[in-house]
Amino acid sequence: MEPAKKLNIDLLQQIFAKHEGNDVSLHHIAEDCGLSSSRELAESFAALLRLPLTEIPEEHRIERELIAMIPEQVARRYTLIPFKQENEHSLTIVTANPLEMDAEDTVRALTRLEIHKTVGVEEDILRMIDQSYREEAFIDESLQDIVSLEEDIDLVDHDSDRIEIDQLKHQANDAPVIRFVNLLLMKSIEDRASDIHFEPAEKKVSIRFRIDGILREVTPPPRSIYPAIATRVKILSELDIAEHRLPQDGRFKFKVHGRVIDVRVSVLPIAYGEKIVLRILDRDALLVDMADVGFEPDMLARFKRILQMPNGIIMLTGPTGSGKTTTLYSALSFLKSPELNLQTVEDPIEYLVDGINQTQTRQAIGLDFADCLRSILRQDPDIIMIGEIRDLETAQIAIRSSLTGHLVLSTLHTNDAPSSFSRLIDIGVPPYLMASTIKLLIAQRLVRVICPKCKTQYQPPKNQIDIIRQHCPDADQWTYQRGAGCSECNHTGYRGRTGIFEFLEVSDELREKIGAQYSNAELRETAIACGMEPLAHNGFMKVKNGITTVDEILRVAQLT
């Protein structure tokens with residue numbers, strides 16, 4: 001391919017003509033031109049066409065009047081954004097492809113203005129389109145109404161002890177506040193968010209969505225209206241709107257696109273008000289088929305075989321947010337049958353599932369895991385799912401249930417699969433009982449999946465290859481991929497998540513060493529010798545297969 005310095009307009013037009021009709025990003029066209037990035041392509045456009053190159057800062061905001069001039073579908077189709085209007089007769093646009101003459105004609109016809117073109121980097125323009133259309137159209141319209149509402153009402157001081165409850169309730173039920181909360185919930189579903197964080201500070205409030213495990217900021221409301229928004233959430237959750245000193249928990253449901261979404265609410269007093277976290281519990285997103293969790297075919301077949309055993313204990317381990325709940329529910333969905341009595345004990349119940357009997361612990365009235373389990377055993381269960389084994393009494397009942405012919409599924413907080421044995425010994429479980437009842441241990445983490453729309457090849461730095469080579473000697477021969485960033489993935493390069501696993505099926509050799517109280521290191525060596533694939537190796541296999549990136553495995557598996 002011609003080097004970048006030999007690019008000319010004819011060559012650029014030929015390359016664009018070759019890709020015409022295909023959904024190809026400018027990043028890929030840049031590579032076809034012998035350039036390393038869409039930024040270099042923009043610089044080449046600017047130099048060859050003698051057009052200004054416009055840098056768009058991340059904090060830049062485009063005026064609403066300009067955004068209203070060009071529909072979102074036009075901006076996305078031609079990868080352009082209205083940038084500024086210096087007088088009433090002309091409009092400056094930033095475009096990633098100044099060779100696209102239809103774009104200029106379309107914008108001129110829509111605005112009836114003289115159009116001045118400048119060149120921008122594709123990723124910057126797409127980021128501005130997302131900010132200016134998705135967030136502006138979805139939330140900021142409601143924010144404008146809220147700002148207008150501020151001028152018409154006497155806002156309460158969030159630091160004052162003289163808050164009028166009736167006044168606050170009245171504000172919370174005003175149409176702009178209701179619409180803002182509703183639109184925020186709808187946007188969270190559109191963006192596949194698992195949580196919404198409301199975080200008040202002294203002079204501002206921030207709102208963040210957790211998307212694919214990473215928190216991202218969205219347009220915040222004015223600080224002074226936040227008490228009304230918090231009260232609105234409390235009203236929906238049937239919480240005490242007059243209580244600002246104690247934590248509160250609640251839940252509510254809303255309907256969007258024909259789906260009923262459960263929301264779990266946690267309110268926590270902090271220095272400048274109340275922090276609120278909404279956990280979005282989308283049943284359609286959680287109840288996935290076991291094949292979609294991330295298990296390799298051989299691992300999935302072994303898991304299903306063990307799930308069909310008449311008794312024993314299966315444990316999932318990992319930190320909070322590692323996908324244990326998703327895996328457990330997918331296993332229960334696989335096991336669900338009219339011929340079986342499935343019973344769960346959870347804290348809290350995240351999803352209500354037809355065909356499964358679910359019980360929630362209630363610490364306030366003394367109903368803990370152990371109390372629930374004792375009652376459940378009198379309900380003739382076949383399969384029991386315990387949300388988490390936290391203490392000796394719960395562990396003893398789980399073991400006893402296994403020994404008396406029940407299959408028990410549960411979770412445990414440990415860093416890897418083999419260390420689960422020492423964790424259970426720490427809480428008082430005799431080693432011989434563990435050895436005789438535990439059939440399978442799965443350590444799990446979630447990693448982000450490369451966006452399929454902008455997947456591209458790259459070469460990781462040498463220090464990363466050196467780390468991979470410690471686990472996979474053929475790392476130098478792999479083809480590595482990552483996401484370049486596009487509108488589909490909000491320019492992160494990732495869309496969705498999948499699991500990586502340590503799959504430890506307890507063998508006879510391992511049982512002997514558990515009973516003899518071997519150390520964690522010795523148990524781990526034995527487990528690997530018996531066929532356990534370490535977490536990092538499983539993750540790097542997903543890198544080799546183009547599912548995720550090296551950066552994700554290094555981040556999640558904490559390798560250096």
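This is a predicted model: local features need pLDDT of at least 70, side-chain atom pairs count only at pLDDT 80 or more; totals for chains, interfaces and linings use all residues.
Two strands count as paired here if DSSP finds at least two bridges between them. S13, residues 383-386, and S14, residues 407-412, run parallel and are joined by four bridges. One of the residues to look at is Ile384, whose bridge partner in S14 is Val408.

Now the sheet around that pair. It is open and has seven strands, with mixed pairing, and the order is S12-S11-S13-S14-S10-S15-S18. Which strands stand at the edges? They are S12, 357-360, and S18, 494-505; each has a single partner strand, so one side of each is left without a neighbour in the sheet. From one strand to the next, the twist averages 20°.

Next, the helices that pack on the sheet. Helix H12, residues 297-307, touches S10 (312-317), S14, S15 (438-450) and S18. The direction of H12 makes about 60° with that of S18. Helix H14, residues 369-376, also packs on the sheet, touching S11 (342-346), S12 and S13. For H14, the angle with the direction of S11 is about 165°.

Last item, a helix pair. Two packed helices are described by the angle between their axes and the distance between the axes. For H18, residues 462-471, and H22, residues 550-557, the axes come within 11 Å and cross at roughly 65°. The crossing of H18 past H22 is left-handed. Who makes the contact? From H18 it is Gln464, Ile467 and Ile468, and from H22 it is Val550, Asp551 and Leu554. By class, the contact residues are four nonpolar, one polar and one charged.

Methods
Residues are numbered from 1 along each chain as its sequence is written. Side-chain values use heavy atoms; hydrogens and water are left out. Axes are lines fitted to C-alpha atoms, for helices over the stretch in contact, and angles run from 0 to 180 degrees between N-to-C directions. Helices (H or I, at least four residues) and strands (E, at least two) are DSSP runs, numbered from the N terminus. A crossing is left-handed if the near helix is turned anticlockwise from the far one by less than a right angle, and right-handed if clockwise. Contact means heavy atoms within 4.5 Å. Ala, Val, Leu, Ile, Met, Phe, Trp, Tyr, Cys and Pro count as nonpolar, Asp, Glu, Lys and Arg as charged, and the others, Gly among them, as polar.
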